[in-house]
Amino acid sequence: MRKELKRDNNPKYDDLFSGVELFESKFSLKDYKDILFGKQTPASILQKKHAPSVLKLLKGKVIEIGATTYKPFFKDFSINATEYIQTNLYPENKDILKLDAENIALDDNSVDGIVCFNVMEHIYDFNKALDEFYRVLKPGGVLVLSNPFLFPYHGAPDDYCRFTHSFYQRKLKDYKELKIYQLGNRFDTIASLLQGYEFYRLPQKRLNFLSLLSLLFMKLSEYFKKPDVYSLFYTVVATKDECNDL
C-alpha cells in the first residue's frame with residue numbers, strides 16, 4: 001500500500017523555504033473586476049500590493065534599472081527617496097537615462113538605493129549585473145529586486161532565465177541583511193498562467209470562461225498561507241554592510 005506523503009508535516013519540505021516569507025494579500029472586489037475585464041493580471045496586482053512596503057525603505061539617491069513609461073508607479077512608491085533616477089539600456093524618452101546594468105557608468109559606493117523590477121530575466125550576464133549593483137551601492141545602501149519565477153517567456157527584447165530563492169541566498173550572501181518574499185502561491189500562479197499573452201486573442205466565450213477560472217484560483221490562494229515551490233514572483237530586499245566594500 002502506497003504511503004501518503006504529508007508535506008505540511010515534513011520538516012525537509014518546510015526547510016526548503018527557510019528565510020522566505022510569503023506575502024499574504026487579500027484581493028479586493030476591484031481586483032476581481034479588473035481580472036474579469038482584462039484590466040490587470042494576478043501578477044501585476046500582487047506586485048503593486050507588495051511594492052509600497054519595500055520601496056518605502058529606500059532613502060537618498062535611488063536609481064531604477066529598466067525603467068519604463070508604462071510602469072511609473074515604482075517611482076511613486078519610493079516616497080522616501082530624495083533623488084530618483086530612472087534608467088534603461090533602451091530609454092523610451094529623454095527623462096530616462098541610458099544605462100547598461102552589466103557595466104554601470106557610476107562610481108563605487110555612489111547610490112543609496114537600487115530598484116530593479118522585472119528586469120533581471122532580460123539581462124544575459126545577470127551575475128555581472130548583480131556584482132555591479134553591489135559595487136555602486138553605498139555601505140548601508142538597499143537593493144530591491146523583484147523578478148518572476150513561474151512565468152511565461154516574454155522577450156523584452158529577450159528572456160534568458162528565472163531565479164529561485166536559493167540563488168538569491170547564495171549570490172547575495174555578502175549583504176548584511178537579506179529578506180526574500182514569495183509573491184503568489186500555486187493558485188495565484190495558475191490564475192496568472194490562465195491569462196497568458198495569447199489570452200486576449202481567444203474568442204470572447206473562452207475569455208469569459210478562463211477569467212472565471214482565474215478568479216476561482218485567486219480566491220483559493222487566500223486559504224493557503226505557507227510558501228510553496230510554485231512561486232509567481234520573488235522580491236528581495238538586500239542591505240549592504242556598512243563596513244564591507246568591494
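Analyst: A residue is called buried when its relative accessible area is under 20%. The model shown here is predicted. In helix α5 (residues 126-136), 8 of the 11 residues are buried, so the helix is largely enclosed by the rest of the structure.

User: Which residues of α5 are buried, and what covers them?

Analyst: The buried residues are Phe-126, Ala-129, Leu-130, Glu-132, Phe-133, Tyr-134, Arg-135 and Val-136. Their cover includes the strands β2 (60-65), β5 (111-117) and β6 (137-148), together with helix α6 (165-171).

User: How should I read a nonpolar core, and which residues touch the most other members here?

Analyst: In soluble globular proteins, nonpolar side chains tend to be buried together. The largest nonpolar core in this model has 32 residues, of which Ile-65, Ile-114, Met-120, Phe-133 and Leu-145 touch the most other members. At least two residues of this core come from each of β2, β5, α5, β6 and β8 (233-239). Helix α5 gives the most, with 6 residues. Apart from this core lies another, of 29 residues, including Phe-23, Val-62, Phe-187 and Met-218.

User: What does Ile-65 touch beyond its sequence neighbours?

Analyst: Leaving out residues up to four places away in sequence, Ile-65 touches Thr-87, Leu-99, Ala-101, Ile-114, Val-115, Cys-116, Val-119 and Phe-133.

User: Is Thr-189 buried or exposed?

Analyst: Thr-189 lies in helix α7 (residues 186-193). Its relative accessibility is 3%, so Thr-189 counts as buried. Beyond neighbours within four places in sequence, Thr-189 contacts Leu-150, Tyr-230, Ser-231 and Leu-232.

Definitions and conventions
Residues numbered from 1 in each chain as written. Predicted model: local features only at pLDDT ≥ 70, side-chain atom pairs only at ≥ 80, totals over all residues. Heavy atoms only, no water. Helix = DSSP H or I, 4+ residues; strand = E, 2+ residues; numbered from the N terminus. Buried < 20%, exposed > 50% of the residue type's maximum accessible area, 1.4 Å probe, protein only. Contact = heavy atoms within 4.5 Å. Core = buried A, V, L, I, M, F, W, Y, C linked by side-chain atoms within 4.5 Å.
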